[in-house]
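Here are my notes for your next look at the model. Please read them with the coordinates open.

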Amino acid sequence: MTKLPHLTHVRHPLVQHKLTLMRDKTTPTAVFRQLLREISQLLAYEVTRELPMTTKTIETPMETMDAPVLKGRKLALISILRAGNGLLDGMLELIPSARVGFVGLYRDEKTLQPVQYYFKVPEAMDERLVIAVDPMLATGNSSIAAIDLLKKSGAKDIRFLCLLASPEGIAAMKVAHPDVPIVTASVDSHLNDNGYIVPGLGDAGDRMFGTK
């Protein structure tokens, strides 16, 4: 694992193996979706590694003890639609008590700029750890716009989780939101002229849902 102040690159063998299978263009939609769910849980361990803890008194079958539990309000998982739902589903299996929100953005294919069409998040965002999820950090435009909206809703402690990131997207996020750490499974080579990550894995939403 490579960890910088603004970036954590998860190099765990299971993460990298599953990512290779997802990159393969012959991997069927159902398998791609299952792999995304599995890899999201592995990445969730890293993005939640430093959650605040406290203790509560419980009775084990043997004795009374002060046992560790999560502290404060339940965290909020925010899916950047539509592809973010693939990561969200796996993370919710691991953290079923998390609150959930959605940011609907699509990329204008001519300008590569994000267009908002939906926004719904839990209350008390200022009191929660907020994890925004989107498989791809490409140009960074949509991710930056999503974080802008989350901050306007009151969120103060935000982390961004993605499957793939481009150097250009990482740099853009660092400039726009230097206080938002990024956790990713891969930092790929570059963006092509259409703003897609290379070598990448194609359009994550299309591969998840079998659309073109």
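1. Is R82 buried, partly exposed or exposed? This is a predicted model, and in it R82 has a relative accessible area of 34%. The cut-offs are under 20% for buried and over 50% for exposed, so R82 counts as partly exposed.

2. Look next at the backbone around R82. This residue sits in the loop between β5 (76-81) and α3 (84-94). The peptide bond that joins L81 and R82 is cis. Its omega is about 0°. Please inspect this bond by eye.

3. The side chain of R82 also has a partner. R82 and D206 form a salt bridge, with N to O at 2.6 Å. D206 belongs to helix α6, whereas R82 is in the loop between β5 and α3, so the bridge ties together parts 124 residues apart in sequence. D206 has a relative accessibility of 18% and counts as buried. R82, at 34%, is partly exposed.

4. V198 and P199 are joined by it, with omega about 5°. P199 is in the loop between β13 (197-198) and α6 (204-209). D206 lies in that helix, α6.

5. One more backbone point concerns A124. Its phi is near 55°. That is a positive value, and the residue is not a glycine. A124 is placed in the loop between β7 (114-120) and β8 (129-133).

6. How many salt bridges does a search of the whole structure find? The count is 6. The pair of D206 and R82 is one of the salt bridges. As background, side chains of opposite charge can pair when their charged atoms come close.

7. Another of these pairs is R37 with E93. Their closest N and O atoms are 3.2 Å apart. R37 is in helix α2 (residues 29-47) and E93 in helix α3.

8. Which of the two partners is buried, and which is exposed? E46 is buried, with a relative accessible area of 19%. R49 is exposed, at 53%. The cut-offs are under 20% and over 50%, so both labels follow from the values.

Notes: Residues numbered from 1 in each chain as written. Predicted model: local features only at pLDDT ≥ 70, side-chain atom pairs only at ≥ 80, totals over all residues. Heavy atoms only, no water. Helix = DSSP H or I, 4+ residues; strand = E, 2+ residues; numbered from the N terminus. Salt bridge = Lys/Arg side-chain N within 4 Å of Asp/Glu carboxyl O. Buried < 20%, exposed > 50% of the residue type's maximum accessible area, 1.4 Å probe, protein only.
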